[in-house]
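Colleague: Please take a close look at one part of this model, strand by strand. Then place that part within the rest of the chain.

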Amino acid sequence: MIAAILLAASSPGFANCEELIIRLNKVLHYPDADTRGYIADCKVWPAHPDRTIVALAHFQEGSGFSHPSTSNEGLYDLDVLIVKTGTDEVLYRLQQKGALTSDAIALREVAIDTGRYTLARDAAAFGVRANRRKPHAEIQSIRLYVVQGSKLKQVMGKLKTIESFGENQGLADCTRSSDARRTLALASTSSHGHADLIVQEKLTTVEPVEAKAGCDMKEERITRRYRLRFDGAAYVVPPDLQDRD
């Protein structure tokens, strides 16, 4: 099996995302780029138009859960880079070995998020989202990164922004399901000099109930809010909201 090559649409200021990714694979000496496949995205950073953010995920050879040599169910190494826009010059790089998992819920894409995550006066963050999907199941998670001095650093990891599951109960239109959608926003309060983050969650659960014919469904909607605080090194994500892969 060969992993799909997935590239998000190029932003207006950068027309050759696919070409950049191909060149970076060579610069970074990934020997499997043309055979094994990879998952990638790139986007010009609106806060710094002279910089382009790149997320590049390569399957970690030998990590396959069933067939190490051929299966794409296993671990992916994640390279997060900032390059000089219009060139191959790498300004910052953070390589995270085994950062992403593809299993029964397969890794389908990574996507750059350039929302306005101004965490502190000198800490403008960007996100990398990872999407895993299969029929009746989807998990999306986000990590936040900042440039700190001469290094690129992850300051928040694996917050689940989508968590959706469905299970058919053996009858047409009789599916037990849960769907959680979470959005991330800056709070007016701060911890250790960094803005707190507010996670707004909307959870919908649907449970089948007995009926004489067919299937009646009971729906419940819950809204929750969470506050994530910076502990001096990173934002603390509650265990229930973490994508543990």
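Modeller: Terms come first. Helices are DSSP runs of H or I with at least four residues, strands are runs of E with at least two, and both are numbered from the N terminus. On that basis the chain holds one helix and 11 strands. From the N terminus the elements run α-β-β-β-β-β-β-β-β-β-β-β.

Now the ground rules. This is a predicted model, in which local features need pLDDT of at least 70 and side-chain atom pairs count only at pLDDT 80 or more, while totals for chains, interfaces and linings use all residues. Residues are numbered from 1 along each chain as its sequence is written, and side-chain values use heavy atoms, with hydrogens and water left out.

Two strands count as paired if DSSP finds at least two bridges between them. This sheet is open, its order is 1-2-3-4, and its pairing is antiparallel. Strand 1 and strand 4 (90–102) stand at the edges with a single partner strand each, so one side of each has no neighbour in the sheet. For angles, axes are lines fitted to C-alpha atoms, for helices over the stretch in contact, and values run from 0 to 180 degrees between N-to-C directions. Neighbouring strands here are turned by 15 degrees against each other on average, direction ignored.

Take the strands in turn. Strand 1 and strand 2 pair in the antiparallel sense over eight bridges. A hairpin joins the two strands through two residues. Asp-41 stands opposite Ala-55 in strand 2. Next along, strand 2 (residues 48–59) pairs with strand 3 (residues 74–84), again antiparallel, over nine bridges. Phe-59 has Tyr-76 in strand 3 as its bridge partner.

The helix belongs to this picture too. Contact means heavy atoms within 4.5 Å. Helix 1 packs on the sheet and touches strand 1, strand 2, strand 3 and strand 4. The direction of helix 1 makes about 120 degrees with that of strand 1.

How buried is strand 1? For accessibility, buried means under 20% relative accessible area, exposed means over 50%, and partly exposed lies in between (1.4 Å probe, protein chains only). Seven of the eight residues of strand 1 are buried, so this strand is largely enclosed by the rest of the structure.

A disulfide is a pair of cysteine sulfur atoms within 2.5 Å. The search of the whole structure finds one. Cys-17 and Cys-42 form it, with their sulfur atoms 1.9 Å apart. Cys-17 lies in helix 1 and Cys-42 in strand 1, so the pair ties together parts that are 25 residues apart in sequence. Both Cys-17 and Cys-42 are buried.

The loop between helix 1 (17–27) and strand 1 (38–45) holds His-29. Its phi is near 60 degrees, a positive value in a residue other than glycine. His-29 counts as exposed because its relative accessibility is 67%.

Now the rest of the chain. A second open sheet has seven strands in the order 5-6-7-8-9-10-11, with antiparallel pairing. The twist averages 15 degrees from one strand to the next. Strand 9 (residues 175–191) and strand 10 (residues 194–209) run antiparallel, joined by 12 bridges. In strand 10, Gln-200 is the bridge partner of Thr-183.

His-136 sits in the loop between strand 6 (123–134) and strand 7 (137–148). Its phi is near 70 degrees, also positive in a residue other than glycine. With 63% relative accessibility, His-136 counts as exposed.

Last, the whole chain in numbers. Of its 245 residues, 45% count as buried. Among contacts between residues at least 6 apart in sequence, 52% join residues at least 24 apart.
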